[in-house]
Amino acid sequence: VSHILRYRNTKMKITRHNLQTLIHEELDRAYRSLGSPETVAKALSTYVKWNEMRSDYDGPPERDPSHQGMLRKFWSATEEEGWEETGPNEPWSAAFVSYIEDDPWFTPSIRHADYIHDAIVSRIRMEQGYPESGEHVAFSPEEIIPAPGDKRCYPRDGGNHCDICLDVDCKTVIGGNIGDDIAIRSSDHAPSVAMFITKLPE
């Protein structure tokens with residue numbers, strides 16, 4: 001992808017066939033993600049604020065009255081309605097990722113499947129020779145060296161879940177609605193990764 005973006009910044013002429021060849025050569029070498037320091041900074045500051053607001057409530061953290069305002073913010077980042085009626089009965093892990101990402105290229109949703117789908121579509125476009133700088137693109141684990149700010153995705157409870165990588169190689173992740181809480185954990189303690197999503201350089 002680095003070669004591809006350099007081509008776009010020059011006046012060199014390149015055919016679609018040559019562009020596809022470059023893409024596959026890049027993927028064979030394992031794409032080294034640049035990640036997103038801004039995403040990590042917001043994720044960590046949100047984690048700190050969440051824990052500072054924790055009260056003496058003796059129950060699941062997502063039902064702590066002091067957390068309801070933050071949960072509404074997560075949900076509103078997806079532009080979905082209905083939180084006031086259902087509250088923490090609704091899964092909110094994708095809303096957490098959407099709130100943290102806050103990127104016009106990212107698809108905010110209450111469902112991980114929606115932005116996973118768009119990342120797969122972006123990957124197909126990239127392989128066809130239409131990479132767009134800033135797009136969030138899906139990579140299989142063996143194709144990429146993940147960086148802080150990438151999403152680490154896997155199947156969960158008949159659906160999908162994505163955490164946010166906090167370091168190179170994604171050894172540590174942060175996620176929402178993990179045990180009804182926001183949690184930082186080793187990726188070794190999470191289900192096996194099925195996909196990484198990374199943002200292409202702008």
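## Helix α7

How many residues does α7 have, and how far does α7 reach from its first C-alpha to its last? In this predicted model, α7 has 16 residues and spans 23 Å between those two atoms, close to the 22 Å expected at 1.5 Å a residue. Gly129 follows the helix, and its phi is positive, near 95°.

The buried residues of α7 include His112, Tyr115, Ile116 and Ala119, together with Ser122, Arg123 and Met126. These residues lie on the same side of α7, because they cover an arc of only 120° around the axis. An α-helix has 3.6 residues a turn, so residues three or four places apart point the same way.

## The sheet

Six strands make up an open sheet, and their order is β2-β8-β4-β5-β6-β7 with antiparallel pairing. At the edges are β2 (136–139) and β7 (183–186), each of which pairs on one side only. From one strand to the next, the twist averages 35°.

Within the sheet, β4 (residues 151–156) and β5 run antiparallel and are joined by six bridges. Asp163 in β5 has Arg152 opposite.

## Helices against the sheet

α6 lies across β2, β4, β5 and β6 (172–175), and runs at about 35° to β5. α7 also packs on the sheet, where it touches β2, β4, β5 and β8. The direction of α7 makes about 85° with that of β2.

## Nonpolar cores

The largest nonpolar core holds 28 residues, and the members that touch the most others are Phe74, Trp92, Phe96 and Tyr115. At least two residues of this core come from each of α3 (37–52), α4 (68–76), α6 (93–101), α7 (112–127), β5 (159–165) and β8 (195–199). With five residues, α6 gives the most.

Phe96 illustrates the packing. Leaving out residues up to four places away in sequence, Phe96 touches Thr46, Phe74 and Ile164, as well as Ile174, Gly175, Gly176 and Ile182. There is also a second, separate core of 10 residues, with Met126, Phe139, Cys165 and Val173 among them.

## Helix α4 and Gln68

Which residues of α4 are buried? They are Gln68, Met70, Leu71, Phe74 and Trp75. Viewed down the axis of α4, the buried residues fall within an arc of 160°, so they line one face of the helix. They pack against α3, α5 (83–86) and α6.

Gln68 belongs to helix α4. Its relative accessible area is 14%, and the cut-off for buried is under 20%, so Gln68 counts as buried. Apart from neighbours within four places in sequence, Gln68 is in contact with Glu62, Arg63, Trp83 and Pro88.

Ala41 and Leu166 are separated by 125 residues in sequence, while their C-alpha atoms are 9.3 Å apart in space.

Terms used: Residues are numbered from 1 along each chain as its sequence is written. This is a predicted model: local features need pLDDT of at least 70, side-chain atom pairs count only at pLDDT 80 or more; totals for chains, interfaces and linings use all residues. Side-chain values use heavy atoms; hydrogens and water are left out. A nonpolar core is a set of buried Ala, Val, Leu, Ile, Met, Phe, Trp, Tyr and Cys residues joined through side-chain atoms within 4.5 Å. Buried means under 20% relative accessible area, exposed over 50%, partly exposed in between (1.4 Å probe, protein chains only). Helices (H or I, at least four residues) and strands (E, at least two) are DSSP runs, numbered from the N terminus. Contact means heavy atoms within 4.5 Å. The expected span of a helix is 1.5 Å times one less than its number of residues. The arc is that of the directions from the helix axis to the C-beta atoms. Two strands pair if DSSP finds at least two bridges between them. Axes are lines fitted to C-alpha atoms, for helices over the stretch in contact, and angles run from 0 to 180 degrees between N-to-C directions.
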